[in-house]
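I opened the model to go through its charged pairs, its core and one of its helices. My entries follow in the order of looking.

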Amino acid sequence: MMKQNFLILFALTLAILITSCKKEDEQLTPSGIDDTYKVPQGNNAFDQTIVKYYNSYGTYMLYKFSEKDVYWTPTGWKKPVSTNGAWSAGGEVEASDPAYITPQLALIKSKWFDFYSDKFLKQYLPVKIMLCKKVDSIFTTYVFTPTFMATKGTKKVAAFYNYDNIQVNYGDATVNSMTAAEQRAFIYKVNLIFMQSIFARGLSAPTSDFASSADYMSSVSSLSQAYSRGIIMGTSNVSAQLDWNAYITAMVTYSTPQLNASVANTDSTPAGMLNATKDTAGQIKRRYNIVRNYFINEYGVDLQVIGNATRGL
């Protein structure tokens, strides 16, 4: 009898342990994450445009999606949350209104995709592009009266990225009334976000001639010293990868006149980086050409055209 009771107790304990382990496993894995997306998501005329993009570039342009599709990452849930009034940085989104997806797709084509070759887009577009009528950047701001406290700040942005997706705004009536300035701001933001997404996914490595054309081993004590070596990323933790990223970012966010303006060598922005005031040794210009020509020769893409377009040039 004692042996029978012991066996029953052992079986119950084992069942509890197995259940407990299963629960922990479910919490550690992306339960419910659907990574087998399908297009078309409807029978609208614009759905065929979405299918065409998928067939060409392998990216899903989704206007029906869940929070998991947007915010889940292998390292955690990235939806902004409040802790004692302070908000974690991130983006908040709402799916596009189908009535405005046709002009939204036209906006994406003319202000984003058209700057790149098919080869570039196939290589670098993320798995998902979320078509949204709202993309807000979330941050912590403060009120001072009647009581000082942290609170939620929001700012409408053209795009945001997270892990395997880029969220794109203007899937609402505002897409039909964008000013020239708003269109230029869209070019700036969506292409910057595209580059940042590429960097975050580790898809673009510096070429050997770029990496070997500057001294990253010696310490850098000032911006002027960095500029003299052709390093534009700053003075801390300098590396060929971060510098490569900085050159790409400069091209897609600054115009040629801005890069060639005379700006003090204490300024840390890309402004004036091709002018002799900063580029005292001609190293920045040389390395700028290495990066620019790489993308022209390899992909048929001139990144500087994007930076010029952000200023209406």
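How many salt bridges does the count come to? I worked on a predicted model, and there the count comes to 11 salt bridges.

**Charged pairs**

I began with lysine 109 and aspartate 114, whose side chains form a salt bridge at 3.2 Å, N to O. Is lysine 109 buried, partly exposed or exposed? I found a relative accessible area of 38% for lysine 109, which is partly exposed. Aspartate 114 is also partly exposed, at 46%.

I then took aspartate 243 and arginine 287, which meet in a salt bridge at 2.8 Å, N to O. Aspartate 243 sits in helix H9 (residues 240–253) and arginine 287 in helix H11 (residues 283–299), so this bridge ties together parts 44 residues apart in sequence. I noted both aspartate 243 and arginine 287 as buried.

The next entry is lysine 278 with aspartate 267, a salt bridge of 2.9 Å, N to O. Lysine 278 and aspartate 267 are each in the loop between helix H10 (256–260) and H11, 11 residues apart.

Which residues are linked in a network of salt bridges? I listed Glu92, Glu94, Lys134, Asp136 and Lys152 as one such network.

**Nonpolar core**

I turned to the largest nonpolar core, which has 80 residues. Trp112, Phe113, Tyr116, Phe120 and Phe194 have the most contacts inside this core. I picked tyrosine 116 and set aside its neighbours within four places in sequence; the contacts left are Leu121, Asn191, Phe194, Met195, Val301, Leu303 and Ile306.

**Helix H4**

Which residues of helix H4 (residues 101–111) are buried? I recorded Ile101, Gln104, Leu105, Leu107, Ile108 and Lys111. An α-helix has 3.6 residues a turn, so residues three or four places apart point the same way.

Last, I checked what covers the buried residues of H4. The cover includes helix H2 (45–57), strand S1 (60–62), strand S7 (128–143), strand S10 (165–168) and helix H6 (180–200).

Terms used: Residues numbered from 1 in each chain as written. Predicted model: local features only at pLDDT ≥ 70, side-chain atom pairs only at ≥ 80, totals over all residues. Heavy atoms only, no water. Core = buried A, V, L, I, M, F, W, Y, C linked by side-chain atoms within 4.5 Å. Buried < 20%, exposed > 50% of the residue type's maximum accessible area, 1.4 Å probe, protein only. Contact = heavy atoms within 4.5 Å. Helix = DSSP H or I, 4+ residues; strand = E, 2+ residues; numbered from the N terminus. Salt bridge = Lys/Arg side-chain N within 4 Å of Asp/Glu carboxyl O.
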